[in-house]
Amino acid sequence: MRSSQDSRAPLSLKTAAVCGLLFMHLPILLIFIYAFTTEDKTYQWPPPGFTLKWLGVTWNRPDVWEAMRLSLKVAAISTCIALVLGTLSAAAVSRSKFFGRETISLLIILPIALPGIITGIALRSAFSIADIPFSVWTIVLGHATFCVVVVYNNAVARFRRTSTSLVEASMDLGANSFQTFRYIILPNIATALLAGGMLAFALSFDEVIVTTLTAGQQATLPIWMLEELVRPRQRPVTNVVAMVVFLVTFVPILLAYYLIRDGDHVSGQGK
Amino acid sequence: MIHTHTLPDNKGLMAKLSDLFWRRPWVLLLALLLPAILWLGIIYIGSLVALLVQSFFSIDEFSGLIKYELTLKTYLELLRPANLDIIVRTVTMATSVTVAAVVVAFPIAFYAARYARGRWKVVFYVGVMLPLWSSYLVKVYAWKLILAKEGILNWILAKLHLGWALDGILSIPVIGGNSLSVSYIGTFFVFLYVWLPFMVLPMQAALERVPNSYLEASADLGAKPSKTFWSVVFPLALPGIIAGSIFTFSLTLGDYIIPQIVGSSRLFIGQAVYSHQGTAGNIPLAAAFTVVPIVIMAFYLWFAKRKGAFDAL
């Protein structure tokens, strides 16, 4: 229990905390303002005027749609692979103790513990050694590798909270492993998997460091944006794309939060 | 198990498999682990090992082709002043970003862990989690907008008549430059911004675990709040701080996009790796460069483990 003098923070602490929070959010707000500016040659502030024109222009851009489709496709496939690999290994690691358990955890965490460029370069050189041409699948290989940990962390946290007696009861009543999984385990871990899947999707959707190295000519939406960042050619369209990318990742993140807020915390920070 | 004998023997494949899993748990364990081991072991570890092996090859200076003989020549090349500069620059940046992240993140984590209640708790939690997960490139892009010459920061400074202060800071040799977007200070701010949430969350988790009774005991024994902070709160929060610093440090070490978009044209490790494998085609040197962050992080993780930082993750 907390004592009464503990409940009021010193003003300086409160100010520093709120300023820190603002520091994390104001830059993102800026993206929303710039998406509607009438200025199209510079990053002028304050915007000389506001318009909805660029939303329409972006809507009619086939290259943006192409990149968007590729990003969604890669994120969807990678998330599915990560869900399978992450759930299975989480079940193994949390249900039993075995030789090499720590190694398995390390193996799963490594792709996000090491800087992304290492994963990227390693995969790229492996593709060239094995003569694998770049395609959607080379991108997926990279993405799924670092998405596994997100699903895994969420699933492990949930498995630890789920009691094993339910599983034993189900088996005692004559259900086989698959029925037990379908009717007992899956309903128990479903929200954790959904949350892990959403975060994996968000992670894959906006990943760029590994993607630039594992994509050939294909441009995912972040790669499209990166090109614009390095050599700005169509600022208004980039502004709108930035806003869209933010919103597409924002929704699954928020959903994930509401799915796991009771009890579990979001694990597996890191990209 | 008794029921396996009482049931009829002509069971489906699923049931047979299920029985096998029950009688031989290791089969189930293997079935659960095999997909992940195959995927990560072959694709990820395989590529990583292949990369490391290549760092022991060298490039022929005349033909530009890779010589497939084991040598340490490529590693010696890392010690050239130009390459050493890149390493020192990157490590210095990673260190300053980490220190700054600790300073900026601490009040947020401290307030969220010990004072925020009810709705404010949610605001702080979501307020840190959203920027953590939201798009990396969009965040970098936002800073390109902020730091642009005609952008909001210069506008605010001009309104406050503080343009001279910025000019003063930019005239500092090495870290300054023509404008914020082409100086190390600019790079620093973007790094700090992008990795800050990675510091706040583990810190907050560690602070939440400090029992209130400890603080009361410390106060009862006559310690002033500052003494309590430095002798009780800070040491207990340290594992969380180290856990957060693993992220800020590692992510800065390996990043090649932020310094490319905001910063002077001088290279960081990530950019060096990228350019050596790309246009230069010098895979051995690129591979040797990637070994630098791997070695640094290995030491860092070893140190963090000793300090109990992994329990704070």
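**Where the two chains meet**

Count the salt bridges between chain A and chain B and you get zero. Keep in mind that this is a predicted model. Polar contacts do turn up across the interface of chain A and chain B: the rule finds 11 residue pairs, both partners at pLDDT 80 or more. On chain A's side, helix H1 (residues 11-34) supplies the largest share of what touches chain B, with 14 residues. Sort that side of chain A by class and you find 62 nonpolar, 22 polar and eight charged residues.

How much area do the chains bury between them? The size of an interface is often quoted as the accessible area lost when the parts come together. Here chain A and chain B bury about 8600 Å², with 78% of it on carbon and sulfur atoms. In terms of contacts, 92 residues of chain A touch 85 residues of chain B.

Zoom in on B:Phe289. Leaving aside neighbours within four places in sequence, B:Phe289 is in contact with B:Leu78, B:Asn83, B:Ile86, B:Ile87, B:Ile269, B:Ala272, B:Val273 and B:His276.

A:Met225 takes us to another helix. A:Met225 is one of the buried residues of H10 in chain A, along with A:Leu221, A:Pro222, A:Ile223, A:Trp224, A:Leu226, A:Glu228 and A:Leu229. This helix, residues 221-230, is mostly covered, with eight of its 10 residues buried. What covers those buried residues? Both chains contribute: the cover includes helices H3 (62-95), H8 (177-205), H9 (211-214) and H11 (235-260) of chain A, together with H7 (136-147) and H13 (258-261) of chain B.

Back to the charges. Side chains of opposite charge can pair when their charged atoms come close. Over all chains, the structure holds four salt bridges. One of them joins A:Asp63 and A:Arg61, at 2.9 Å from N to O. A:Asp63 is partly exposed, at 29% relative accessible area, whereas A:Arg61 counts as buried at 18%. In helix H3 of chain A, A:Arg69 and A:Glu66 sit three residues apart, about one turn of the helix. Their side chains meet in a salt bridge at 3.8 Å, N to O, and both residues are exposed. Over in chain B, B:Arg80 pairs with B:Glu77, their closest N and O atoms being 3.9 Å apart. B:Arg80 is partly exposed at 48%, while B:Glu77 is buried at 17%.

Last stop: the backbone. Most residues other than glycine have a negative phi. A:Asp131, however, has a positive phi near 60°. A:Asp131 lies in the loop between helix H5 (116-129) and helix H6 (136-161) of chain A, and is exposed at 68% relative accessible area. In chain B, look at B:His161, which has a positive phi of about 55° although it isn't a glycine. Its place is the loop between helix H8 (152-159) and helix H9 (163-170) of chain B, and B:His161 counts as exposed at 62% relative accessibility.

Notes
Residues are numbered from 1 along each chain as its sequence is written. Chains are lettered from A and ligands numbered from 1 in the order in which they are written. This is a predicted model: local features need pLDDT of at least 70, side-chain atom pairs count only at pLDDT 80 or more; totals for chains, interfaces and linings use all residues. Side-chain values use heavy atoms; hydrogens and water are left out. Contact means heavy atoms within 4.5 Å. Buried area is the accessible area (1.4 Å probe) that two parts lose on being put together, summed over both. A polar contact is a pair of N or O atoms within 3.5 Å; within protein, one must be able to donate a hydrogen and the other to accept it, and residues adjacent in sequence count only if both atoms are side-chain atoms. Helices (H or I, at least four residues) and strands (E, at least two) are DSSP runs, numbered from the N terminus. Ala, Val, Leu, Ile, Met, Phe, Trp, Tyr, Cys and Pro count as nonpolar, Asp, Glu, Lys and Arg as charged, and the others, Gly among them, as polar. Buried means under 20% relative accessible area, exposed over 50%, partly exposed in between (1.4 Å probe, protein chains only).
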